[in-house]
Amino acid sequence: MKGKEKNDLERFKEYPQQITPPPGLDAPAARLTEELYGKKAAEKKERRARLVRRRLLPSLAILLVLLIPLCIGIPSMLTLDDEEGNYYLGEELTIELVEGDITAFMYEHGVRGRYFEEGSIQSSVAAHFLAKDHRLMFLVQDALFLSDTGLDTVSLGIVFTNDTFQQFDDFYKMTDSAEIAGVEVDYKTETANGMDVVRSRFSYEQVSYFLEITTISADGVLEQYITELLS
């Protein structure tokens, strides 16, 4: 390094020690240094942080109050469809005629329920599956019985899920209720074409039943068929 450049570098290094602040500026400079880097700066930052915390805490508390019900409700929302079930239209189902033993058929599909096993002149059972996954949803038994007043047509829906189906829409506006064979039954009686039509809805052993009876006289028929079904 040349001699002149070396001397200039040495003078530059000593320059801060040679500077004397102008009169009146030394105290403000010290205060500024203290505010920027000293204890006062730390205290000022702490005061600012406390102020921010005081302002944020109420908002966080309100947010927490809003989030708690939401968090509690999420599991319920996730299970809402399972608890209340879904509504299915007829075109969402496929139908297959059940051949052979009905009890064995239900066992094969992991369900169980009551149906009319004896006393009918003619009987057929159709299985209704959910089309998208071929899951058994319900059975419908159509049967003819010879009664004291004539021929009774009986249709029995045996539903294995907690879903509702378009096929049973007529069974949800009942006008009467009664206890039959230890079961609470909702029902209504209408007359059409000179025949009495009795529709009823009830549950037994976690299975839902929809029973429709078309007969010449509705007197006592509901008790008769439900008792026979559940006995």
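Hi everyone, let's start with a term: a residue is called buried when its relative accessible area is under 20%, exposed when that area is over 50%, and partly exposed in between, using a 1.4 Å probe and protein chains only. Arg 199, at 15% relative accessibility, therefore counts as buried.

A word on where this comes from. This is a predicted model, where local features need pLDDT of at least 70, side-chain atom pairs count only at pLDDT 80 or more, and totals for chains, interfaces and linings use all residues. Residues are numbered from 1 along each chain as its sequence is written, and side-chain values use heavy atoms, with hydrogens and water left out.

Now to the salt bridges, meaning a side-chain nitrogen of Lys or Arg within 4 Å of a carboxyl oxygen of Asp or Glu. How many salt bridges does the structure hold? There are 5.

Let's go back to Arg 199. This residue pairs with Glu 190, and their closest N and O atoms are 3.0 Å apart. Glu 190 also meets Lys 188 in a salt bridge, at 4.0 Å from N to O. Lys 188 has 12% relative accessibility, so Lys 188 is buried, while Glu 190, with a relative accessible area of 37%, is partly exposed. If you look at the structure above, you can follow a network of salt bridges linking Lys 188, Glu 190, Arg 199 and Glu 212.

One more pair to find: which residue forms a salt bridge with Asp 133? That partner is Arg 135, with 3.6 Å between the closest N and O atoms. Asp 133 is partly exposed at 40% relative accessibility, and Arg 135 is partly exposed at 37%.
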